Amino acid sequence: MSRWAVAESFTPRLRGLPFEVRQYLLITGNYWALTLTDGALRMLVVLHFHQLGYSPLEVALLFLFYEAFGVVTNLVGGWLGARLGLNRTMNMGLGLQIVALVMLMVPATALTVPWVMAAQALSGIAKDLNKMSAKSAVKVLVPKDRPSAGSALYRWVAILTGSKNALKGAGFFLGGLLLTLIGFRGAVIAMAVMLVAVLALSLMRLKADLGRQKRKPKFSEVFSKSRAINVLSAARLCLFASRDVWFVVALPVFLYDQHGWSHWTVGGLLAVWVIGYGGVQTQAPRLTGLIKGGARGITAFWALALAGLPALLAMLPLAEVGWLVAGLLAFGVLFAINSSWHSYLIVHYARADGVSMDVGFYYMANAMGRLLGTLLSGWVYQIFGLAACLWIAAALVLASALMALALPRETA
């Protein structure tokens, strides 16, 4: 009996579902597990090292390799997925995240900046390998012979993206809570044990050669020749930099320092934000459907709707935490719609044969945006404060809206 057949015998409830749905659920579960630990680890590192006396810029630098290696991973990972199969790149991501967690189990005296940056580099590679594989797999699995294939693709992408972000939000809360209850090292050990179990299940159940191309692509093919993908990638870079420039380091440190919030309270707020953000993403197909027109008009409209919010927040008294929280929630709703629509467009524009390379190139730009936003978040907040981070966020969203005007006129 094959490994696949053995695994199926343990999941009788899944056997009645279509093959594509079973694979989609397995991929989503795999993605959820890594996302949960990724969110928790980010919150652990931000709060634990700030508590140890690290400045906001030093905390941001801990994520330098996390984001920088994400850029490289998305570029190379798409090529690997096309050559090896998306199941293998997903499992490689889980394995690398386990190694990163093990690296952080050392005694506190050994947690030097270079060591933590190296562990974060592996974590960044792990997360982006897993994400690229999951998003690419959806394009492969959605049935192509149905009249509603386009809308089905949007719904599947929205559900995968939204549920992932809800789990990332839960990870933020989990990170703050575990840091309070069992400390940094205990939290890292608990997450590593959980991921080992998930990897074992994934190795048994995920079908081999998913998304693998029959023709071995050359590495030079990872650089997209599509105008639509290049424009969308640039818009995505600015969009995600606009979020992370105030969300990653500046906001948690501001709430901790200026308002005296505890670790788990900061983690809880960010968790609620990301969970709600993920929930809105699952409803994005309905919300974007309210605006008629082609991909260009819809993309520009929602980006412009978002651009004014951080500028408004920057002009409000940030000492009043109520204004900040309300603005954060509103930003989350509009950002979620933009992000989910972008995620659908890249899968829509990607080639059916070689989808992982197009998606990988796009998420390389996504990772560059996160890298830029993370570094600016620590540096700008340390020198100029949170309001300056918000003004930069507004400018970046506006740039994303202007770039969207170069997208094709076709209806997506």
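A: Start with a packed pair. Helix H10 (residues 227-247) lies against helix H17 (residues 386-404), with the two axes 8 Å apart and at an angle of about 165°. H10 is therefore roughly antiparallel to H17. The model behind these values is a predicted one. The crossing of H10 over H17 is left-handed.

Now the residues in that contact. From H10 come Val 231, Ala 234, Ala 235, Cys 238, Leu 239, Ala 241, Ser 242, Val 245 and Trp 246. They meet Leu 386, Cys 389, Leu 390, Ile 392, Ala 393, Leu 396, Val 397, Ala 399, Ser 400 and Met 403 of H17. By type, the contact of H10 with H17 holds 17 nonpolar residues, two polar and no charged. An α-helix has 3.6 residues a turn, so residues three or four places apart point the same way.

H17 has another partner, helix H14 (residues 295-315). The axes of H14 and H17 come within 8 Å and cross at roughly 165°. H14 and H17 are therefore roughly antiparallel to each other. Here too the passage is a left-handed crossing, H14 against H17.

On the H14 side, the contact uses Arg 296, Thr 299, Ala 300, Ala 303, Leu 304, Leu 306, Ala 307, Pro 310, Ala 311, Leu 313, Ala 314 and Met 315. H17 answers with Ala 387, Leu 390, Trp 391, Ala 393, Ala 394, Val 397, Leu 398, Ala 401 and Ala 404. This contact of H14 with H17 divides into 19 nonpolar residues, one polar and one charged.

Next, the wider chain. The protein chain has 17 helices and zero strands. Of its 412 residues, 59% are buried.

Take Leu 129, in helix H7 (residues 113-141). Leu 129 is buried, at 3% relative accessible area. Its C-alpha is 5.3 Å from that of Gly 93, a residue 36 places away along the chain. Gly 93 is itself among the buried residues of H6.

H6 (residues 86-103) has 18 residues and reaches 26 Å from its first C-alpha to its last, close to the 26 Å expected. Other buried residues of H6 include Leu 86, Asn 87, Met 90, Leu 94, Gln 97 and Ile 98.

The second example is Val 280, found in helix H12 (residues 263-282). Val 280 has a relative accessible area of 18% and is buried; the cut-off is under 20%. The C-alpha atoms of Val 280 and Ala 336 are separated by 6.1 Å, although the two residues are 56 apart along the chain. Beyond its neighbours within four places in sequence, Val 280 is in contact with Leu 287, Val 333, Ala 336 and Ile 337.

H9 (residues 183-205) has 23 residues and reaches 34 Å, close to the 33 Å expected. Its buried residues include Phe 184, Ala 187, Val 188, Met 191, Leu 195 and Ser 202.

Conventions: Residues numbered from 1 in each chain as written. Predicted model: local features only at pLDDT ≥ 70, side-chain atom pairs only at ≥ 80, totals over all residues. Heavy atoms only, no water. Axes fitted to C-alpha atoms, helices over the stretch in contact; angles between N-to-C directions. Helix = DSSP H or I, 4+ residues; strand = E, 2+ residues; numbered from the N terminus. Parallel < 35°, antiparallel > 145°, perpendicular 65-115°, else oblique. Left-handed = near helix turned anticlockwise from the far one by under 90°. Contact = heavy atoms within 4.5 Å. Nonpolar A, V, L, I, M, F, W, Y, C, P; charged D, E, K, R; others polar. Expected span 1.5 Å × (residues − 1). Buried < 20%, exposed > 50% of the residue type's maximum accessible area, 1.4 Å probe, protein only.
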